[in-house]
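Reader: I am new to this structure. Please take me through one part of it closely, then show me what lies beyond that part.

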Amino acid sequence: MPKEASLDTETIIHAPCTAACPVHTDTRQLVEFIVNGRYEDALELLLAANPFSSVCGRICNHPCEQSCRRTKVDAPVGLRRLKRFVMEATTDYRQSRRQQDAPPLGKERAAIIGSGPSGLTAANDLALQGYRPVVFEKFPTAGGLLGNAIPRYRLPYSVIKEDIEDIVAQGVEVRTGVEIGKDILLDDLFDQGFAAILIATGLTESRTLGIAGIDSRGILLALPFLRTALSPQPPQLGARVVVIGGGNVAVDAARTARRLGAQKVTMICLESRDQMPAWQWEIEETADEGIEIMNSWGPRSVFDKDGTVRGLELKRCTAVFDSEGRFLPQFDETDTATVVADNIIIAIGQRGDVTCLEGSQVNLAGEGRITWDKETLLTSTEGIFACGEVVTGPGSAVEAVFDGHRAAKAIDHYLGKGELLKQPALELPHIGDLPDEVASKITVLSPSAVDLLAPDRRIKDFSEIERGFTEAEALAEARRCLACTTGALADEEKCAACLTCVRICPFGVATVDKTAAMPQDECQACGLCAAQCPAAAIALTRFGTNQMKERLQTLVPAIKDRTPTIPVIVSFCCLFEMTGRKFVREAEATYPEEGVVPIMIPCVARLSAADLLSPFEVGADGLVIIACSEGSCLYPTAEDRLLARVRQAKSILAEIGLEEERIDYWKTQGSAEVSWTAFWTLSQKKLSEILKD
Amino acid sequence: MIVAERKPLAEIRTFVEDYRRILILGCGTCTTVCLAGGEAEAKVVASGLRISFLREEREVEILEDCITRQCEPEFVEAVEQKVKDEAIEAVLSLGCGVGVNLVAQSLETIPVFPGVNTKFFGGVVEPGMWLELCAGCGNCILHLTGGICPIARCSKSLLNGPCGGTRDGKCEISEDVDCGWALIVERMKKLGTLDRLAEIIPARDWSSSHHGGPRRVIHEEVAVLSGEEETSDR
């Protein structure tokens, strides 16, 4: 009996971004790492979830963004571009990481057929689990459709290579140019010592149309066309190209044709603009590149001259799907049109190439479709599993990665325990939509915009059309994250139901019935309630000051010992003003020797009165609080609340006979780099005067 | 609710000056709610004292704790143990006067000092502001005065007001003080019972107030039954 797979995350309520991501990337943790300048940790997080993180940083269809709760306020957080930023910011680290010894591989061998995202992900996981995976790729280049079809203006090969190099460094062997079913028979792989086989061959072939004239010269199939377009001898096209289809492959074909010199490119698709299966942003970019999209038309016949294509006759498509949503196009044969064409590219769908099954017992369910169990991933033959698009049908790269993970689990269980593992489809529970009344109170922050290359420049060649975020843009974008589900938690044992949280919550979400509660689907994690709770009963899921206090405990006395004549200042600085980690790292390293201890805080308004006094407890002479710049605080009322606590801390100092002026409050001006050091100098100078007196 | 206010640290310092291990004890009920002596305030007081002793290079250990209610012997028992275990030399209670009393009674040989001034029985009239609303006089007449207490709210605690010192709703003693009787009149108007104020409230018996030693309230239903103590282990 197959064993049921358990997922320890089932009981946790997730943020919608994480739940929507097929590989459940912990996006909020990712963003938090970025905000803190911990790009290497962010990289580790990404690679643990998805070995194709560089690729997905470029081309992911980002379901995380589509489900981002910030959409209700302004626009989703640019998580895909943030991912790209991390991958670009850590290339050196990744290089050195790759050179470290991979864990030793075991003896058991697994054969993976196909080096696309699903196959290589499975291979990567299996290597990490101690197997010896060998990947067979029929094309000369690894990467599946990523390497052999997706145009370089979207995905440069160097990007795919980065991911594949990591996978190879884990001990995965990739044999390109070997076609199973021709060069080696599937069943022979068992004889060669492979204990399990995974078919992950994807959908590498294009479907064709059964209309009159389809065999004319000048008619091309999309995937072979895209493959050749990547080769040193790209196809020669005429001036007028028609692409039939409305999906992502059709879009790739049309935009590639434009770049290969076609003057007039027209897409013909059955669907209306809203129904087109291609991603919305791809459709917009396509239109920007001067490609005409003729929606709600179907091909009727090809007309030719002497066997060479001259154009396409169209008929009006009145409906694409039937009442139950099944693909069943209806046409109005009386409403027709024609488009002239020197080439027609057919991009109406893909199919698998099942050459690898030659001579094997693996059953087929239809043309190019392998019979397989969607929960155990087993084909009709023991020891042979299948994953990815060849069995799931067309999907995104990240979905293929997810299926690769599942396949590795299935094979590991099969080889390790000798039984099959059932992995039913699971939907992670998430907190749902942001309530309107909360959304209306959230500060609007425009996303860091990245302009694409101008359309007329784009179509000149295959240069990548999008640039990555700069560090400042990435940090600004990361701070837009609403940190869903990381909000305040009240300790019922301690809560005195004093209502302070209810009275100060700037989003109106805190409630007190018998004790305080901050509903996770509403709380914005500003932490104002936690800083103000008189019972110290509220804590933020992902913010605390204990570590900071411990650091001060060792740092401040040590500095005072080393430089007894210089007044020592602790500076709590708003981390959100950081535009680059270099400055902060340098400041943290060098300023203590000059008597300044910078401590980065993700929103200084989260500091309680006791937190503000803590530097003095360990011997600091002064405190400099540097908040964000005017008008840039994320949380309404936060600054006023902080200022009240600053006054409270000052009055405590006065009560014990210390000068209130030992505490300075500044607002960042311009940027951290521009203003912070000036504030430190001014405060230190003032403090020297105080100490002299 | 009992409303209190933290004493200035300079004054607190004088109480604990001579001790080397001091426990700052917050109270998790009234003084938490009125922001005078909960766990967060205990941390602030402890921090202030630590800074203060540090400036003089004196090695004084300041510990913090907070219990549910200092006015209950059962809750206070835990403090007794802590004081023993931690070799505490003095306790600063941030509970109201009741808490200080009970903690002091329980600890017997360890000095217990008040960290707050217990002010009054009151409530929040706006966030951050507490107002005295009840004088605890022991003989409630709020049914006669529209739910507004003349003993607490009238500066003279008049039973038949207002007096000649009422000025546009304010009391003659300060523009910041509402005339309690003006409030009563307005409330009675809203209730449609203004005519009741024509009846003179007779001079009252004040013996229920702060006279004749500490007052008691007894609930026999939960009182210790006779003989119970003898059969207990103690």
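Author: Start with one pair of residues in this predicted model. Glu5(B) stands opposite Asn117(B), a residue of β6(B). β1(B) pairs with β6(B), which covers residues 116-126, in the antiparallel sense. Five bridges join the two.

Now widen the view. The sheet is open and has three strands, in the order β1-β6-β7 of chain B. The pairing is antiparallel. Its edges are β1, residues 2-6, and β7, residues 129-134, of chain B. Each of these edge strands pairs on one side only. From one strand to the next, the twist averages 70°.

Is β1(B), then, enclosed or open to the outside? It is largely enclosed by the rest of the structure, because four of its five residues are buried. Here buried means that 20 or more other C-beta atoms lie within 10 Å of a residue's own.

Next, the nonpolar cores. In soluble globular proteins, nonpolar side chains tend to be buried together. The largest nonpolar core here has 265 residues. Ile34(A), Leu198(A) and Val243(A) have the most contacts inside this core. Helix α16 of chain A, residues 397-417, gives the most to it, with ten residues.

Neighbours within four places in sequence are left aside. Its contacts then include Ala110(A), Ile112(A), Ile113(A), Gly119(A) and Ala122(A). Phe385(A), Cys387(A), Ala407(A) and Ile411(A) are in contact with Leu198(A) too.

Another core, of eleven residues, lies apart from the largest one. Among its members are Ile148(B), Cys171(B), Leu183(B) and Val185(B).

How values were computed:
Residues are numbered from 1 along each chain as its sequence is written. Chains are lettered from A and ligands numbered from 1 in the order in which they are written. This is a predicted model: local features need pLDDT of at least 70, side-chain atom pairs count only at pLDDT 80 or more; totals for chains, interfaces and linings use all residues. Two strands pair if DSSP finds at least two bridges between them. Axes are lines fitted to C-alpha atoms, for helices over the stretch in contact, and angles run from 0 to 180 degrees between N-to-C directions. A nonpolar core is a set of buried Ala, Val, Leu, Ile, Met, Phe, Trp, Tyr and Cys residues joined through C-beta atoms within 7 Å. A residue is buried if 20 or more other C-beta atoms lie within 10 Å of its own, exposed if 12 or fewer, and partly exposed in between; C-beta atoms are placed from the backbone. Two residues are in contact if their C-beta atoms, placed from the backbone, lie within 7 Å.
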